Amino acid sequence: MAEFANATHEVINVTLRTTLAATTKLVMPTPAKPILPVQTGVQAQQEEQSSGMTIFFSLLVLAICIILVHLLIKYRLHFLPESVAVVSLGILMGAFIKIIEAQKLANWKEEEMFRPNMFFLLLLPPIIFESGYSLHKGNFFQNIGSITLFSVFGTAISAFIVGGGIYFLGQADVIYKLNMTDSFAFGSLISAVDPVATIAIFNALNVDPVLNMLVFGESILNDAVSIVLTNTAEGLTRENMSDVSGWQTFLQALGYFLKMFFGSAALGTLTGLISALIDLRKTPSLEFGMMIIFAYLPYGLAEGISLSGIMAILFSGIVMSHYTHHNLSPVTQILMQQTLRTVAFMCETCVFAFLGLSIFSFPHKFEMSFVIWCIVLVLFGRAVNIFPLSYLLNFFRDHKITPKMMFIMWFSGLRGAIPYALSLHLGLEPIEKRQLIGTTTIIIVLFTVLLLGGGTMPLIRLIDIEDSKARKRNKKDINLSKTEKMGNTVESEHLSELTEEEYEAQYIKRQDLKGFMWLDAKYLNPFFTRRLTQEDLHHGRIQMKTLTNKWYEEVRQGPSGSEDDEQELL
């Protein structure tokens with residue numbers, strides 16, 4: 001009996017061990033996340049001091065750039081785009097710091113080095129969100145098909161042409177040799193366009209609004225697509241792809257890109273739609289705070305689940321502009337416009353300033369043949385992107401893209417802050433490869449911003465593409481100051497004052513709406529936006545008038561001015 005009990009006990013133990021082993025194989029425990037070491041004592045104090053000096057240096061550079069922009073506005077130097085002026089100032093500041101360091105008067109090497117993490121976590125999200133939030137103007141959704149084709153397929157075409165050209169030229173020993181993934185990573189990052197100076201010229205000359213929206217809309221979506229393509233190439237670089245065929249590598253890269261693009265876009269769209277359902281109009285201060293939270297929320301969530309935060313925050317900005325903004329109180333609408341513009345301006349200015357500083361702070365590796373061929377491939381890739389896709393789109397567009405517009409779109413493919421930051425973010429080995437990519441990117445950015453950006457206005461006048469009213473202006477009236485226009489105007493078309501009856505008359509009963517515009521006007525817009533009643537409209541105007549009167553009373557209680565100044569204020 002005892003032997004039978006022992007045997008039974010042994011069988012049960014064997015069964016439990018077998019079951020446990022099988023269960024362990026089927027359900028593997030999730031590994032715990034490593035806890036990052038926390039510095040204490042002297043190390044923590046040194047890191048705090050270093051971070052404090054970096055913050056001080058960045059704010060000092062930004063303050064000097066703001067003063068420069070103020071002087072440009074004050075002395076009416078409107079012919080000079082602010083981005084060009086800030087980059088030039090950064091170059092001069094970098095040279096001055098280099099002289100100080102050579103004389104051993106100070107050491108700012110650590111502070112003047114641009115940190116990619118600071119760019120992607122702090123500077124880039126406000127820029128991208130504000131860009132998406134400003135796409136409410138007129139014809140973005142009317143040209144969404146064309147903009148998507150240029151920004152997604154066009155950017156991919158440009159990346160493959162530049163990356164493939166660099167790879168094959170390297171294999172032929174014409175230029176510095178890069179492997180396939182590194183070549184594609186560089187082709188992807190250098191395909192991000194940033195036509196800030198060109199858009200300022202378009203606005204100043206009142207060029208065709210469709211051309212303006214095509215260039216502006218393409219540049220916004222193109223930035224996010226370029227970042228996702230670069231991340232895709234980096235992911236392939238980190239994995240061991242030596243035993244994988246080229247076709248399998250392509251399919252893996254395509255799957256990763258589609259997951260990042262559509263997953264991030266869906267997350268950003270969902271976040272924006274949720275924000276449209278929150279109603280805090282009775283408390284504008286809380287409403288404004290909630291909008292600021294939703295402005296950054298999709299970025300953190302997307303990065304936390306291994307998606308593209310930039311793509312998510314872009315689509316969130318577009319959706320919030322289209323739906324959420326019109327649900328806000330008038331005070332919050334104005335606050336959102338001015339706050340986002342100011343923060344985006346400061347972030348852009350900071351990046352362009354550090355771009356100029358990098359000429360002296362970045363360890364360079366310069367190869368003439370590599371730089372020249374890269375510039376040729378960038379221009380050629382842009383041409384293959386713009387011209388064939390434009391001719392294809394003209395078969396489906398009522399408003400045709402003319403050859404002159406195509407040429408301007410090709411010429412306006414400037415490179416800016418994002419390629420520069422992405423080049424520093426690449427983890428390429430050996431170090432000379434990173435230095436070569438970084439140096440070449442800086443040269444291409446400066447070449448396009450200074451040469452192509454500076455030549456856009458003469459080119460537009462030469463090919464006679466500006467509006468007839470603008471053609472009658474005197475050249476002295478041309479204003480390229482983005483900041484001055486930003487401070488002097490509040491876009492009234494982005495302030496929601498449509499009542500239920502007005503909205504129905506303006507949108508619902510229109511017979512010319514097609515596709516997404518019809519679906520949006522018929523179902524989405526009525527569900528996600530709250531049309532103002534006459535009572536809401538009256539309350540909002542009283543609220544704005546009360547704030548204006550309060551501000552005026554505070555101004556009058558300050559130092560008294562002349563009667564003429566007070567009359568001008570009234």
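Helix 10 (residues 246–276) is the biggest giver to a nonpolar surface patch, putting in six residues; helices here are DSSP runs of H or I with at least four residues, strands are E runs of at least two, and numbering goes from the N terminus. The patch itself is made up of Phe160, Trp247, Phe250, Leu251, Leu254, Leu258 and Phe262, with about 730 Å² of accessible area together. Areas come from the Shrake-Rupley method with a 1.4 Å probe, and for residues only the protein chains shown count as cover. To join a patch, a residue needs over 30% relative accessible area and no salt bridge; nonpolar side chains (Val, Leu, Ile, Met, Phe, Trp, Tyr) are linked within 5 Å, like charges within 9 Å. A salt bridge, for the record, is a Lys or Arg side-chain nitrogen within 4 Å of an Asp or Glu carboxyl oxygen. Phe160 sits in helix 6 and counts as partly exposed, because its relative accessibility is 48% (buried is under 20%, exposed over 50%, partly exposed in between, with a 1.4 Å probe and protein chains only).

All of this rests on a predicted model, where local features need pLDDT of at least 70 and side-chain atom pairs count only at pLDDT 80 or more, while totals for chains, interfaces and linings use all residues. Residues are numbered from 1 along each chain as its sequence is written, and side-chain values use heavy atoms, with hydrogens and water left out.

Zooming out, the chain has 23 helices and zero strands. Of its 570 residues, 48% count as buried. Its accessible surface comes to about 29900 Å², 65% of it on carbon and sulfur atoms. Among contacts (heavy atoms within 4.5 Å) with a separation of 6 or more, 81% link residues 24 or more positions apart.

Helix 13 (residues 330–361) packs 32 residues into a 46 Å reach from first C-alpha to last, close to the 46 Å expected at 1.5 Å a residue, the expected span being 1.5 Å times one less than the number of residues. Still, helix 13 bends by about 25 degrees at Leu355, going by axes fitted to the seven residues ending there and the seven starting there. Gly94, in helix 3 (residues 82–102), is buried, because its relative accessibility is 0%. Beyond its neighbours within four places in sequence, Gly94 touches Leu357 and Phe360. Gly94 and Ala353 are 259 residues apart in sequence, yet 9.4 Å apart C-alpha to C-alpha.

Finally, the backbone. Most residues other than glycine have a negative phi. Asp173, however, has a phi near 60 degrees, and Ser306 one near 65 degrees.
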